[in-house]
Amino acid sequence: MSTTYPIKTLLDRVTAIFLRAGLNEVQAPALARVIVAGERDACTSHGIYRIEGVLRTVKAGKVRADAVPQLDPAGQGGIIRVNAAGGFSSPAFELGLPQLVDRARELGLAAMVVNDCTHFSALWPEVEAITDHGLAALVLCPSYASVAPSGGTRPLLGTNPLAFGWPRPGRDPYVFDFATSVAARGEIELHRRAGKPLPEGWAIDPEGQPTTDPVAALAGAMLPFGGHKGSAIGTMIELLGGAMIGDLTSPEALEFLGTTSLAPRHGELILALSPEKFAAGRPGNPFERAETLLTAITDQGARLPSSRRFAARARSQAEGITLTEADVQLLDRLLDLGLDAV
Ligand code: NDP
Ligand code: PYC
């Protein structure tokens, strides 16, 4: 059996769960928006399955449910800084977005640094919030140590997501958003819950041997995508989104948390770029030239990243979001019991 909810109904329900669990009026709706967007776009690894993790992290005292993010006056020129004040990243991003957009339009390139945040979400909602303003976006953050560097045997890097967006006037933006591990850790957990083996090449066990067992993978280490190339990109994210912005790297985030069953705390780096400013009057309109390239990709029969997601979104907008009976019961229980449910 399943139940189909209008998007707004599910949003209200998830917001109510977070309020019931003690999150304030700043945190609860912002978190509900990213989680319901994940479910709406069929990104289940960052949809409602994440609610329990949020509640566990609140209960463990590793995130502040009452946090109110603040714009940090240390942010100057092209760098906007937002201190999440120990709360979640999403409300901090929402606070800094208008300044980020204004500065990127004025200067051509602006960065938002979010510090002291707990981060569990997909990055494409942030990328799309920037492309909505006609700007290109690049977003990255560390996670917690769960990925062995290429050639290594123990968790060190995070699953470190990297997302990019390019605005396409009048159509959905070009967006990719992926973990720099072979798969997001959320996917491993979903395989464990479904009792399904992992595809080969995703993970190694605690002895450093290849495994398709999700339990052994969670105890061992995940692998970077693309061998040494993904390993290097994951390392770059530790440097730019950790060391450079004065926030935790993935090993430090794991040390702070003491477990991988809670949502990690660290920082986030968000870049917004103005294609017009970068083109600076050189021949060719950057948006038209982008369309030539993107059309040449689809003309070969290849799909653009996020096209699956946008199709799922259109379906959800037309028909609502369908949840399994188990998910419906989970939401009921979380609303009923609050933090006692986890
Ligand atoms: P996927 O491998 O599922 O997808 C990665 C990207 O590739 C998506 O944009 C996807 O588009 C696109 N894509 C997939 N298949 C194809 C194809 N055949 N042709 C063209 N494009 C394709 O993502 P991951 O599992 O690596 O990551 C899932 C989510 O997890 C991300 O949103 C990421 O931000 C999040 N995450 C968050 C972390 C955190 O610390 N906050 C850590 C790690 C991951 P489409 O969606 O349309 O399929
Ligand atoms: O799916 O790898 C993941 C992840 C880690 C933190 C949030 N999502």
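A: In this predicted model, D66 counts as partly exposed because its relative accessibility is 45%, where buried means under 20% relative accessible area, exposed over 50%, and partly exposed in between (1.4 Å probe, protein chains only). R64 falls into the partly exposed class as well, since its relative accessibility is 46%. The side chains of R64 and D66 meet in a salt bridge, with N and O 3.0 Å apart. The term denotes a side-chain nitrogen of Lys or Arg within 4 Å of a carboxyl oxygen of Asp or Glu. In general, side chains of opposite charge can pair when their charged atoms come close. By this rule, 15 salt bridges are counted in the model.

Another of these pairs is formed by the side chains of E128 and R309, at 2.8 Å from N to O. Helices (H or I, at least four residues) and strands (E, at least two) are DSSP runs, numbered from the N terminus. E128 and R309 are both buried. The pair also belongs to a network of salt bridges that links R40, D41, E128, R309 and R313.

The loop between strand β4 (109–118) and helix α5 holds S121. With a relative accessible area of 8%, S121 is buried. If its neighbours within four places in sequence are left aside, S121 is in contact (heavy atoms within 4.5 Å) with V34, H46, S89 and S90.

A further salt bridge joins R171 to E291, whose closest N and O atoms are 3.6 Å apart. R171 sits in the loop between β6 (162–166) and β7, while E291 is part of helix α11 (residues 286–299), so the pair ties together parts that are 120 residues apart in sequence. E291 has a relative accessibility of 19% and therefore counts as buried.

Residues are numbered from 1 along each chain as its sequence is written, while chains are lettered from A and ligands numbered from 1 in the order in which they are written. Side-chain values use heavy atoms, without hydrogens and water, and because the model is predicted, local features need pLDDT of at least 70 and side-chain atom pairs count only at pLDDT 80 or more, whereas totals for chains, interfaces and linings use all residues.
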